[in-house]
Amino acid sequence: MIPALIKKCVDAVESGSDHIELWGTVSASREFLYLDDAARGIVLATEPYDDPEPVNLGTDHELPIRELSGLVAEATGFAGELRWDDSKPDGQPRRRVVTSRGRERFGFEPYPPCDEGVQAPL
C-alpha cells in the first residue's frame, strides 16, 4: 500500500499533476510496522520466547488512510489535491493486531511512530 502511494505521489510531482485519485471512503485504518522494528522483534524473540502461542509484532496504533496519505504526500513533496473515489472499495475497514504478548514476554517496543517512518529518506 505505501509503496504504491509513494509512486503515485512521486509520479504526480514529476508530471506536475495538481491531483491524485485514491480509492475508498477514507474510513479505513491500518497498523503499520517499520521494517527495522519487525526484524528487531524477531531477534528479540529468538532466545527468551519458547511458547506455542503466536506473537504479533505491531505498534498498537491504527493510522487512518486519510492521514497516511497526507503524510506520504508531504514526504514526497506532492502539494496537490488528494481526491477520494468513494465508488471504489476501501478494503478491510481495520487492520490492527494485539501486541501485548511481545511486549510482556520479551520487551518488544516499536520505534519510530509511522509518521516519523514515512519521513525517513526514501
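The structure is a predicted model. The protein contains five helices and five strands, which follow one another from the N terminus in the order α-β-β-α-β-α-β-β-α-α. Buried residues account for 29% of the 122 residues.

**Overall dimensions and surface**

- Along the principal axes, the C-alpha atoms of the protein occupy a box of roughly 55 × 30 × 15 Å.
- The protein has an accessible surface of about 7,700 Å², and carbon and sulfur atoms contribute 53% of that area.
- The side chains include 13 positive and 23 negative ones. The centres of these two sets are 5 Å apart.
- Of the contacts between residues at least 6 apart in sequence, 89% connect residues that are at least 24 apart.

**Nonpolar core**

- In soluble globular proteins, nonpolar side chains tend to be buried together.
- The largest nonpolar core of this model comprises twelve residues, namely L5, C9, A12, I20, L22, F32, L63, L68, L71, V72, A73 and F78.
- Three elements, α1 (2-15), β1 (19-23) and α3 (65-76), each provide at least two residues of this core. Helix α3 makes the greatest contribution, with four residues.
- L22 is one of the core residues. Apart from neighbours within four places in sequence, L22 is in contact with L5, K8, S69, L82, R83, W84 and D85. L5, among these partners of L22, is likewise listed in the core.

**Aromatic pair**

- A pair of aromatic rings is described by the distance of the centres and the angle of the planes.
- The model has one aromatic pair, formed by Y49 and F106 in an edge-to-face arrangement. The ring centres of Y49 and F106 are 5.8 Å apart, with 70 degrees between the planes. The angle qualifies as edge-to-face because it is over 60 degrees.
- Y49 belongs to the loop between α2 (35-46) and β3 (63-64), whereas F106 belongs to helix α4 (residues 100-106), so the pair ties together parts that are 57 residues apart in sequence.
- Y49 and F106 are both buried.

**R105 in helix α4**

- R105 is located in helix α4 and is partly exposed, at 40% relative accessibility.
- When residues up to four places away in sequence are not counted, R105 touches Y49, D51 and E53. Y49, one of these partners of R105, is also a member of the aromatic pair with F106.
- The C-alpha atoms of R105 and V26 are separated by 35 Å, and these two residues are 79 residues apart along the chain.

**P64 in strand β3**

- P64 is part of strand β3, and its relative accessible area of 34% places it in the partly exposed class.
- Leaving aside neighbours within four places in sequence, the contacts of P64 are with A28 and S29.

**D60 in the loop between α2 and β3**

- D60 is found in the loop between α2 and β3.
- The phi angle of D60 is near 65 degrees, which is a positive value in a residue other than glycine.
- D60 is partly exposed, with 35% relative accessible area.

Methods:
Residues numbered from 1 in each chain as written. Predicted model: local features only at pLDDT ≥ 70, side-chain atom pairs only at ≥ 80, totals over all residues. Heavy atoms only, no water. Buried < 20%, exposed > 50% of the residue type's maximum accessible area, 1.4 Å probe, protein only. Contact = heavy atoms within 4.5 Å. Areas by Shrake-Rupley, 256 points an atom, 1.4 Å probe, with all protein chains shown as cover. Lys, Arg positive; Asp, Glu negative; His and termini not counted. Charge placed at Lys NZ, Arg CZ, Asp CG, Glu CD. Phe/Tyr/Trp six-rings, centres within 6.5 Å; stacked < 30°, edge-to-face > 60°. Core = buried A, V, L, I, M, F, W, Y, C linked by side-chain atoms within 4.5 Å.
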